[in-house]
Amino acid sequence: EECGLRCLFHGWKLDLDGRVVDAPSEPADRVSFVNKVRTRHVAVRENSKLIWAYIGPGEPPQFPDFEFTTLPLDHIQIAEVPGRCNWVQLAEGQLDSAHISHLHASASATGVAGLARLTLADRAPVFDVETTPWGLHAAATRTIGADERYTRVTEFVMPSWEFIPRPTAPGTPEYDDMPRFVVHQTPVDDVTTIVWYINWHPGRPISYEEARWTVWNDEYLSVIDEPLMGQDRAKMKAGHTTGINNLLTEDMIVAETMGPIADRTGEYLGSSDAAVARFRRIFLEAIRDEENGNVPRGCSGDVPYHRITGQGVMHSASVEWRDCINDLVS
């Protein structure tokens, strides 16, 4: 209302700076009253079909101008998924490339072109995890043939962005033309999360159906309240790994059935958990930095967001994956 917000409850009106400018429910000395009342306001920006908010103190930091934030809106499709657990469980699942060969084995074999050959030939990838000023690179290398390797590099950006490689064979026309995607977890409270699946293509518009995460989101929402979340046990007896129709539902089931907040004290971490372990370490370091008045990782103000992406690459055993990745930021 006239560049302000009018509250439906008592009719109070607030301006853009959070000042109360009218309180019609107050019977006396209304002007004096409203001059004493102020509410919190946050900096927001509308970009790429999203509303971005900075909720910390002081001036907003560097805006994360990822590649998709510079594109026309018809190049972007977004799915919003409710997660019924702590956000960390969902983030760690996205960083774990090993589970693709197990949890998603049947879905990959039937639904994603080229992914089965690349992930099922070697179900125990070798991890190479490196920290970066903004997060980490999580490279998972699989042996495909005597002298052929497939490396998936998931790029993690603080505080909760996972850029995941496209799920098909690198170097093919399908790979080049496939939409890119990133996953972000927004905590609502300790045990509730909104997961954003953001799909985009830098060179052309994409449809809602083409952005597979959006369609899988529709399927997930259709079974979220069903018994076993739509798991088909007869399908499992016939050989399907999970009895679940799509990858997104498989991921969400694993995260949620750990409990609202997973108890990590009884965990047995293996070598395939290297990215998860490093993720936890850099977050603890960031918390200590904040407590000690230092700049936490990812808050330096000079992050090359526009160059960050998840990548997959085919290479020979004698060649380092780092030498094959296109313009991997460092």
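Which residues form one aromatic cluster? They are W52, F63, F66, F68, W161, F163, W200 and Y305.

## About the model

This is a predicted model, in which local features need pLDDT of at least 70 and side-chain atom pairs count only at pLDDT 80 or more, while totals for chains, interfaces and linings use all residues. Residues are numbered from 1 along each chain as its sequence is written, and side-chain values use heavy atoms, leaving out hydrogens and water.

## Aromatic pairs

A pair of aromatic rings is described by the distance of the centres and the angle of the planes. Here, rings of Phe, Tyr and Trp (its six-membered ring) pair if their centres lie within 6.5 Å; planes under 30 degrees apart count as stacked, over 60 as edge-to-face and the rest as tilted. By this rule there are 19 aromatic pairs. With ring centres 5.9 Å apart and planes at 20°, F66 and F68 are stacked.

Are F66 and F68 buried or exposed? Both are buried (buried means under 20% relative accessible area, exposed over 50%, partly exposed in between, with a 1.4 Å probe and protein chains only).

Now look at W213 and W216, an edge-to-face pair with 5.2 Å from centre to centre and 90° between the planes. Both lie in helix α6 (residues 212-223), three residues apart, or about one turn of the helix. Helices (H or I, at least four residues) and strands (E, at least two) are DSSP runs, numbered from the N terminus. W213 and W216 are both buried.

## Charges over rings

A charge sits over a ring if NZ of Lys or CZ of Arg is within 6 Å of the ring centre and within 35 degrees of the ring normal. The charged end of R45 sits over the ring of F63, 4.0 Å from its centre. Likewise, R166 lies over the face of Y175, at 4.0 Å from the ring centre.
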